[in-house]
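Colleague: I would like to learn how to read a structure like this one, feature by feature. Could you take me through it?

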Amino acid sequence: MELDVQGRNLLSLLVTRLDKAVPGRPETYIGYKECHVLLGLEQQREKWGESLKSQGLLSLAGWTETNGFPGITGLIVSLSTLEPGKGYFHLFDKDEVNYDWWAEQIRSAKSFDWSPYLAEKFDLVPSDLEVPNREDISISRIIRDTALSYRVKLIHGYKCQLCGIALSMPNGKKYAEVHHIKPLGQPHDGPDVIENMICVCPNHHAQLDYGAIKLLANNVRTKQEHQMSDRFIDYHNESIYRP
Ligand SMILES: [Zn+2]
């Protein structure tokens, strides 16, 4: 069974949230409304949960169940009850209050390799989208950043684009950081776009931050799917790098 486009987008969003999610602590999960805001979906029904069903939730939930994959849709909760919809438990033939099983699904989802199923082009909330309140704006900015950084790390297999090293962590996990070549915020005001990002190890990240090294195009490991802009590289060499 193939996962449809909306299901795939929803999965890609949920995967960006797995790092922060603590199994059994739904306040660290994601809300139905937040999924709409971040994916730019319309509210099609009065209840956000109902509205998400027809926009990827049902197809994603059915797909995980059919394939025997972890029930990652349990990561989406109502912010009033801090629980997923009843349908989540019913689909997997579980009792509605089976919290242990639910936490176990999130735990398995965190260690599962979802990378073959993620959307190739995955854009969260266009930056000009009107969102209802301040809280949503700050949340969406953080997620947007996290999603893009995550994509950059995946593209490079967590290898530093300068030295090729991917740091090993417990459980076979890898660690890398993403540096904004033209830094975000004042006074540089660099944009939060993939062309302004470079995947690096912590050592090279520090050297870039402090302007200790120059960025030379032929020393940077590149991948077809992630093109960096010369404009930002020039900015680093001219305004950040201190010979
Ligand atoms: Zn490095």
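Modeller: Happy to! Let us begin with a term: a residue is buried under 20% relative accessible area, exposed over 50%, and partly exposed in between. Glu 50, at 30% relative accessibility, therefore counts as partly exposed. Please keep in mind that this is a predicted model.

Colleague: Thanks. How many helices and strands are there in the protein?

Modeller: The protein has 8 helices and 6 strands. Along the sequence they follow the pattern α-β-α-α-β-α-α-α-β-β-β-β-α-α. As for cover, 45% of the 243 residues count as buried.

Colleague: Let us return to Glu 50. Which side chain does Glu 50 meet in a salt bridge?

Modeller: The general idea comes first: side chains of opposite charge can pair when their charged atoms come close. In this model, Glu 50 meets Lys 53 in a salt bridge, at 3.2 Å from N to O. Lys 53 has 31% relative accessibility, so it counts as partly exposed.

Colleague: And where do Glu 50 and Lys 53 lie?

Modeller: Both are in helix α3 (residues 48–67), 3 residues apart, which is about one turn of the helix. The general point is that an α-helix has 3.6 residues a turn, so residues three or four places apart point the same way. There is a further partner here: Arg 45, Glu 50 and Lys 53 are linked in a network of salt bridges.

Colleague: How many salt bridges does the count come to?

Modeller: The count comes to 6 salt bridges. One of them joins the side chains of Glu 34 and Arg 17, at 2.8 Å from N to O. That pair links distant parts of the chain, with Glu 34 in helix α2 and Arg 17 in helix α1 (residues 5–17), 17 residues apart.

Colleague: Are Glu 34 and Arg 17 buried or exposed?

Modeller: Glu 34 counts as buried because its relative accessibility is 11%. Arg 17 is buried too, with a relative accessible area of 9%. For another case, look at Glu 2 and Arg 8, whose side chains form a salt bridge at 3.8 Å, N to O. There, Glu 2 counts as exposed at 68% relative accessibility, while Arg 8 is partly exposed at 23%.

Colleague: You mentioned helix α2. How many of the residues of α2 are buried?

Modeller: Helix α2 (residues 32–39) is mostly covered, with 7 of its 8 residues buried. Those buried residues are Tyr 32, Glu 34, Cys 35, His 36, Val 37, Leu 38 and Leu 39. After the helix comes Gly 40, with a positive phi near 70°.

Colleague: Now to cysteines. How many disulfides does the count come to?

Modeller: In general, a disulfide is a covalent bond between the sulfur atoms of two cysteines. Here the count comes to 0 disulfides.

Colleague: Finally, the surface. Which residues make a nonpolar patch there?

Modeller: Ile 165, Leu 167, Met 169 and Tyr 175 make a nonpolar surface patch of about 320 Å². Ile 165 is in the loop between α6 (134–155) and β3 (167–168), and at 44% relative accessibility Ile 165 counts as partly exposed.

Colleague: And which residues gather in a patch of positive charge?

Modeller: That surface patch is formed by Lys 159, Lys 174, Arg 221 and Lys 223. To place one of them, Lys 223 lies in the loop between α7 (202–209) and α8 (230–240). Its relative accessibility is 38%, so Lys 223 counts as partly exposed.

Terms used. Residues numbered from 1 in each chain as written. Predicted model: local features only at pLDDT ≥ 70, side-chain atom pairs only at ≥ 80, totals over all residues. Heavy atoms only, no water. Patch = residues over 30% accessible without salt bridge, like charges linked within 9 Å, V, L, I, M, F, W, Y side chains within 5 Å. Areas by Shrake-Rupley, 256 points an atom, 1.4 Å probe, with all protein chains shown as cover. Salt bridge = Lys/Arg side-chain N within 4 Å of Asp/Glu carboxyl O. Lys, Arg positive; Asp, Glu negative; His and termini not counted. Charge placed at Lys NZ, Arg CZ, Asp CG, Glu CD. Helix = DSSP H or I, 4+ residues; strand = E, 2+ residues; numbered from the N terminus. Buried < 20%, exposed > 50% of the residue type's maximum accessible area, 1.4 Å probe, protein only. Disulfide = S-S within 2.5 Å.
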